[in-house]
Amino acid sequence: MWRWLAVVLVLPLALRAAPAEPLLVEDFEGGVGAWQRVEGTPGTLVARATAETTAGAGALQVQWPALPQSWAHVQRAVRPGEWSGQGGVALRFRLRGDGSGERLNVMFGNYEARPALMFRASVLLDFTDEREITLPFDSFEPAGLTAALSNLVLLQFNVSQSARPVSLVIDEIAIVPGPQAPAVGDYHDYDLVPTGGWECPAPAGLRLDPLGGLLEPVTLPATIHGIANHRDLHNPLRFEATWPAAGSFGVLVGKTSGYGGSRLILKIDGREARRWDFPGTTETALTQYQGWYQVPVPAGSSSVQIDNDGQDWLAIERIRFGNLLGVGARIVRQGPALEVRFSQPEAAVGLQLNAALAGRELPLTAVAPGLLRAAFPTDVAGSGTWPVSVTAQRDGRTVLNQQLTVDLSGPRLRLQRIAWPTAEPVEAVVRYANRADVPLAGATLTGTWQGQPLTLTDRGEGLYGAKLGTLAAGVYDLPVQVAGGPARALRLVVYDPTATRPGSLVRLTPGGGFEDSAGRPAWPWGYATIGIFAPDAEFVERPAGPSNWTQADPAALRDWLALLRAYGVNVVRFGVNVDSRGVGGDQGGRANPAVLDRLAELLDILGTLNMRAIPVLWWGHYRNFSFQGIPAYDKLIGKQADWFTNAAALALQQQYVREVVSRFTGDPRVFAWEVMNETYRAGDDLPAAVRWTNAIVETIRAASPEHLITTSAAEATPGPEVAWMRGGTFDFFNWHAYPTYPDYGAWRRLVRPEQSREMGLYAAVMARLQRFGGRPSVLGEVGNDRLRELSYPEMRTLLTRDGLWLACCAGSPGGITWDAIADLREVDVISRLAAAVRWDQLPPDPAPLAVRLSDLEADLHDAVEYTAWSLRSGVPVDFLSSDEPKAADQSVLPTGFVTPNPAPKPLVAAAPGYEVAVRSAAGGRYVLAYLRNVAGALPQNVRLRTARAAWLRFAPPERGSLQVWDLDTRQPVQQATVDTPQNLSLGTTDHDFALLFQPAR
């Protein structure tokens, strides 16, 4: 359960003076999803019960047949460059043998290196008990593993030329540190994790407190630029700190530039302590210099600096101040619990110390002088990795601000099958397992079906079943509980296999919405994905076997799509060409026939589920999505911009588009065709990329004149997106929202440093300013960034919820989430409430206040400030172009932000600590409102929540129906016909809410 602590501040997991602990690589507590085997090779890969291993909830079980003429393996990605800071000398793991007499080979490698790197050691399987295996790095062959660590990327277990089957259980893989130098003091190392983007400057005034380190969250550049290629971006980092005893200062270098190389310089008090040259002429990113680089620092106050006077950039992944701090926090793995330990117990005197799990208080108890402990709650909403904060104040001043993470486990309930045709009797089989997906047998599972109690039969191996009979087409909830615990509603879908097509093609409405040709609303509530995932809304992971939609098992694909439909998803957005191998639709001007056939099968499945598709013709660009290897393009694309500007390439691209689109001309299962996902500029030439887009749009229209066409652009600020819309000829645009986008260089450059970069605020600003493009614009992706340093269930939920609701309240006609990093359950309520009103056929209410923006870049910080005020106050604010007339009775505010005084009365008022976004029409006769609990934000730009007295006030303009929904329980808490002002108490809670009002029919 140890993880590198992963927000802006990262703290050590043990005291400096204590013996160094092994660095955990994998404990399988979260399952085996990180481990892969090459598709088509023999062997199985499963989680194994706790009884089979001595540690934790799960382990890796591998089973291979006899392979006298072949080999098989399982492997996962690793980052050994991090281990050099721990002085790693050996690999350790627990192994239950099978007595086969064969050999298990353990390998570190990098197939992409030239020549490829492979270091091997082996274990003779002549035992059947569980043993701890330690393989020193110097026992691997060929020699040189330790020196090559920074260039290795995978850890593999394999068997080769085996005469007998092999069955093993592996657990607790860790790196063993070498002998430690004598401790120089009882102080803690302190790490910072840089997360800033390409253009991130070096913040000034970085002073470290001797107790808490860098107290205020700040974004540090992850790229240090040299002075030749990017002189304007040169950004040396400087810190002021006081070491209580002799210590060290160092950085973990990631990739470096091959465009002339780079040079790392570490300075102490302005003098160069040491430099390292990282040459490179390959014009690619280099990995051979990854690892730790550090210098000693004397006791006392010092200024330390990271610089690069080489030609180009180098990436830093961690900055370490060795032996610096007087307090350290760690997660005790067994328990688990939080421990806070002071190097000098007297330093804790007079501190107001607080700990919290995702904003929820964790009471600390003193267990020894200078040692405090807090247990974690057992009722958190969902299993996963959660943020933990430790803060302290003394005399009103913050002196400690530390961030950690903890893994909290919980049981899993999952239907083995989701989708059933109407003619087949439904037999629900539920899998009950721990968080590692280890099956738990012998439990008592009960449920409720059509108002009657239901007992599920134990079928062994963690499976429990019940026969539900033949059902009509529809979505069904099956509430299931374990041994009297809380019930969880599992959803299944029954479909009519003869209903193969939605009614008709989708078209735009004059009001900027979507409808079919019969006039029925068709707003896209969607899910964007390349692969499929196990059919479970709470636990998201790829199923065993191929998961790309072009290769996935049809039954697994149907189950996954049925689960999406069960939560309100009606559109699926996916790539027809993702790379030259996995989903390679474009074979160099010719469409891959197998991909086209598979696309037809996918549309057949969607049709039976009454869903549509947005096929994206290219999911990215030539290099960043690995299209290399297609000979016809390889000879034409010398630089990235050639993809958009080379006439011969365009001719090939148009031929590919014609072959794809013409096969599905007029097919109503296609909602719209998308040109490219997140199109970049052609170099810095945005008009050239727009011209290329328009050429492809023309080709699509010629092949299928009635289909809608969309595209998206990889821009994190509204100005360029508006330029795309104004210059493009597509029908509608789709824009994307992720928590890293407000940390992009362009966004940081245009807004003020003190302004919040919380993702909900970002989404609200972007959605409000999309209207300047002059054509419909829909939220096209939202979710948590994959591979972010921290991801926990509530983060996934809140980012999805904020994106969908804030975009919708700002005018987005629908919303699309992204992959398993979004919470698809958040589509459920909004797709119902927003669809209850034909917003595109009603006159939208102008906001009582408006602000003129003459330049979306120069005025962006004002748009951010007014949007933040609007959310806090609940008073809508419109943004107008410089020559756009204001609405009647609308007050125009100056561009430079001023607090409106007096402020108009909000249509929906909420308790302090709640922000409100409102969409209203027809003079306030139709109202949709979103109320979100905000108690600050994590450094990952996702909001925190806290329990408070919640209420809302709403005065209906006439008699009508009022619905108030709790978005966390996904249940209505108020449904009534009202005609008088409403003052509703929602209790003491940290939940979010939605309101819908419609006049009485």
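Predicted model: local features only at pLDDT ≥ 70, side-chain atom pairs only at ≥ 80, totals over all residues.

Colleague: Why are helix 10 and helix 13 called roughly perpendicular?

Modeller: Helix 10 (residues 759-769) and helix 13 (residues 860-873) pack at about 110°, with axes 9 Å apart. Angles of 65 to 115 degrees count as roughly perpendicular, under 35 as roughly parallel, over 145 as roughly antiparallel and the rest as oblique, so helix 10 and helix 13 are roughly perpendicular. The axes are lines fitted to C-alpha atoms, for helices over the stretch in contact, and the angles run from 0 to 180 degrees between N-to-C directions. The helices themselves are DSSP runs (H or I, at least four residues), as are the strands (E, at least two), all numbered from the N terminus.

Colleague: Which residues of helix 10 and helix 13 meet?

Modeller: From helix 10, L761, A764, V765, R768 and L769 meet L860, A863, V864, T867, A868, S870 and L871 of helix 13; contact means heavy atoms within 4.5 Å. By class, this contact has 9 nonpolar, 2 polar and 1 charged residues. Ala, Val, Leu, Ile, Met, Phe, Trp, Tyr, Cys and Pro count as nonpolar, Asp, Glu, Lys and Arg as charged, and the others, Gly among them, as polar.

Colleague: What makes helix 11 roughly parallel to helix 12?

Modeller: The axes of helix 11 (residues 793-809) and helix 12 (residues 826-834) cross at roughly 15° and come within 10 Å. That angle makes helix 11 roughly parallel to helix 12. Their contact divides into 8 nonpolar, 2 polar and 2 charged residues.

Colleague: How do you know whether N158 is buried or exposed?

Modeller: Buried means under 20% relative accessible area, exposed over 50%, and partly exposed in between (1.4 Å probe, protein chains only). N158 has 4%, so N158 is buried. N158 is found in strand 10 (residues 154-162). Leaving aside neighbours within four places in sequence, the contacts of N158 include W64, W71, H73 and R103.

Colleague: What makes a set of residues a nonpolar core?

Modeller: Such a core is a set of buried Ala, Val, Leu, Ile, Met, Phe, Trp, Tyr and Cys residues joined through side-chain atoms within 4.5 Å. The largest one has 207 residues, of which L338, L561, W618 and W643 touch the most other members. Another core, of 41 residues, lies apart from it, with L23, F93, F127 and F157 among them.

Colleague: Why are N941 and R970 called buried?

Modeller: N941 is at 6%, so N941 is buried, and R970 is buried because its relative accessible area is 17%. Phi of N941 is near 70°, a positive value in a residue other than glycine. Phi of R970 is near 60°, also positive in a residue other than glycine. R970 lies in the loop between strand 57 (960-966) and strand 58 (971-978).

Colleague: What is the peptide bond from E141 to P142?

Modeller: That bond is cis, with omega near -5°. The bond from N901 to P902 is cis, with omega near 0°.

Technical notes. Residues numbered from 1 in each chain as written. Heavy atoms only, no water.
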